[in-house]
Amino acid sequence: MTAKLLQTLPPDLDRQRLPKHVAVIMDGNGRWAKQKGMPRIAGHRQGVDALKDLLRCCKDWGIEALTVYAFSTENWSRPAQEVDFLMVLFERMLRRELDEMCSEGVRISFVGDLDSLSNSLRAEIERSQIATANNQAIHFTVAINYGSRREIVKVCRQIAEATQSGEIKPEDIDENLFEQHLYTAGTHNPDLLIRTSGEMRLSNFLLWQMAYTEMYFTNTLWPDFDRREFHRALMDYQERDRRFGKV
């Protein structure tokens with residue numbers, strides 16, 4: 001059976017034990033392109049197709065939320081030509097795919113330091129979030145110019161300022177209050193993290209949110225990650241015994 005034929009949930013997956021929220025570190029675009037003798041940007045273009053298929057697959061199979069790491073705060077150190085291409089790619093993808101996302105019931109959100117992005121990209125981000133705000137088929141979150149340590153420091157600063165001004169008392173500070181200040185406030189924490197290309201680290205992604213997330217690492221490069229690979233990840237996830245620190 002080919003990946004394209006896996007439109008409905010495979011029978012060996014238990015719908016009741018699917019993750020509600022899947023997070024993905026999409027790694028390996030550049031290596032995929034290099035293996036094929038193509039420029040790195042070709043890998044990013046192919047990676048967009050892999051992302052579109054995974055989003056549609058999550059919707060088809062009943063997974064409520066998908067969050068992807070699109071661009072980290074550290075990625076600005078990449079060659080300027082590649083960074084410029086990625087920013088234009090993000091903008092064009094939003095503009096081109098918005099109507100389809102609306103028709104498919106996708107609600108899209110963005111997390112990260114968006115103020116550092118170009119005016120045109122921020123405008124497309126705002127337009128897409130407003131246009132899809134009431135959609136309910138799947139919640140698609142894109143982390144762009146995102147760094148978890150920066151996010152945590154931002155929250156600490158906000159809480160410290162609120163404490164200093166008397167809005168809250170030190171004894172009011174707990175995990176729930178902290179989470180209310182995160183970019184992801186109001187979103188169920190990821191149940192499953194998938195990272196492609198053989199790397200086995202979090203790379204400053206959702207460090208607070210993934211305290212009890214199950215992790216799945218695969219050597220498959222991101223442009224080659226299809227529904228069959230996703231099926232394998234979900235099968236592995238359903239074999240886990242999630243105790244959340246309990247016996």
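Colleague: Which residues are in contact with Glu214, its neighbours within four places in sequence left aside?

Modeller: They are Asp191, Leu192, Leu193, Tyr237, Arg240 and Arg242, where contact requires heavy atoms within 4.5 Å. The model is a predicted one, in which local features need pLDDT of at least 70 and side-chain atom pairs pLDDT 80 or more, while totals for chains, interfaces and linings use all residues. Residues are numbered from 1 along each chain as its sequence is written, and side-chain values use heavy atoms, without hydrogens and water.

Colleague: Why is Glu214 called buried?

Modeller: Buried means under 20% relative accessible area, exposed means over 50%, and partly exposed lies in between (1.4 Å probe, protein chains only). Glu214 has 16% relative accessibility, so Glu214 counts as buried.

Colleague: What makes Asp27 buried or exposed?

Modeller: Its relative accessible area is 14%, therefore Asp27 is buried. The UniProt record, an unreviewed entry, places the feature "binding site" at Asp27 and Glu214; such annotations may be inferred rather than shown by experiment, and their positions follow the numbering used here, with shortened feature names.

Colleague: How do you know that the side chains of Asp27 and Arg195 are joined by a polar contact?

Modeller: A polar contact is a pair of N or O atoms within 3.5 Å; within protein, one must be able to donate a hydrogen and the other to accept it, and residues adjacent in sequence count only if both atoms are side-chain atoms. The contact between the side chains of Asp27 and Arg195 is 3.0 Å, and Arg195 is also among the residues in contact with Asp27.
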